[in-house]
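Dear colleague,

I am handing over the structure below, and after it you will find what turned up when I went through it. Please read the notes with the model open beside them.

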Amino acid sequence: MDTVALFFTGALVAGGIYWFLCVLGPAERKGKRAVDLSGGSISAEKVQDNYKQYWSFFRRPKEIETAEKVPDFVDTFYNLVTDIYEWGWGQSFHFSPSVRGKSHRDATRLHEELAVDLIQVKPGQKILDVGCGVGGPMRAIASHSRANVVGITINEYQVKRARDHNRKAGLDALCEVVCGNFLEMPFDDNSFDGAYAIEATCHAPKLGEVYAEIYRVLKPGALFVSYEWVTTDKFKPEDDEHVAVIQGIERGNALPGLRAYSDIAVTAKKTGFEVVKEKDLAAPPAEPWWTRLKMGRIAYWRNHIVVQILSAVGVAPKGTVDVHEMLFKTADFLSRGGETEIFSPMHMILCRKPVS
């Protein structure tokens, strides 16, 4: 082989490796790259220890049912998974029904826009995003409604990521992000014109506690919509397979425990809300929300190889492989929950705070 051919062969191999490790995989254009995976606010050398700490919570299940322990539990989880979520899924950490003729990204945006349409806010009004993550829904909703959106997340690393994304999207004038516990929100009473929670309040040990905080900060007459993670009427607690699937979903998503669909409206009413509408957005004739998980299995395996390589050469923190494997297994539990219709991540409830 002559020198020129050797050079081009080497360049081709190097380019292929770079493409496989650095370009292939991000769920969104200009999104998180594989070589930038981290442990959030956790230093690289402590990622594996924190992964073990996360699983230790499940050996003391009563602790993750208390308001005092939930912040540490959820914060640890999101430090571990935020970069992997962004890289492999995108900036919106939630599901949406498939829409024929639409991409997953467009279906996600429509699902987010539905939330703000339901609470009927006007441009310039101030609304609350309860559990905003890195702000994917916030940016879609601000762009669609031109409302001022204030998001709250327990995780400092997500605050930084959300602010960076808001600035790059040119939406930092409409989007504000606060680090805080949604069980003790740092906002005045009667200060928001509306609120939404997209698959976030499932992290609360008691749903009534977070609903009470949302009720407190809403203005009288304001609307609140939530997409709740629930077990459906098809879930049978005496069925060992059903229980195993639900426990797998809980443990892979930092949940104190999934609630039954029938508990949601009851809790809202006890809090003082008027229930305007309730509907499982995952129920037929909605297209399956879990198809993206099943279609993405090849991508999961490809990404897992990437994570193993990056971890082996010291680019990704030690423990990242364990976290990615946990999420891969969790995706299977979620798919099984969707296929058997025993679980829904989008049980929608629309509530109003009474005027008086």
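This is a predicted model, in which local features need pLDDT of at least 70 and side-chain atom pairs count only at pLDDT 80 or more, while totals for chains, interfaces and linings use all residues. Residues are numbered from 1 along each chain as its sequence is written, and side-chain values use heavy atoms, with hydrogens and water left out.

Helices here are DSSP runs of H or I with at least four residues, numbered from the N terminus. On the contact itself, where contact means heavy atoms within 4.5 Å, Leu-207, Gly-208, Tyr-211, Ala-212 and Tyr-215 of α7 meet Ile-264, Thr-267, Ala-268 and Thr-271 of α9. These residues divide into 6 nonpolar, 3 polar and no charged, with Ala, Val, Leu, Ile, Met, Phe, Trp, Tyr, Cys and Pro counted as nonpolar, Asp, Glu, Lys and Arg as charged, and the others, Gly among them, as polar.

His-111 lies in helix α4, which covers residues 104–118, and it counts as buried because its relative accessibility is 4% (buried means under 20% relative accessible area, exposed over 50%, partly exposed in between, with a 1.4 Å probe and protein chains only). Apart from neighbours within four places in sequence, His-111 touches residues including His-94, Tyr-227 and Met-346.

The structure holds 0 disulfides, a disulfide being a pair of cysteine sulfur atoms within 2.5 Å.

Definitions and conventions: Helix = DSSP H or I, 4+ residues; strand = E, 2+ residues; numbered from the N terminus.
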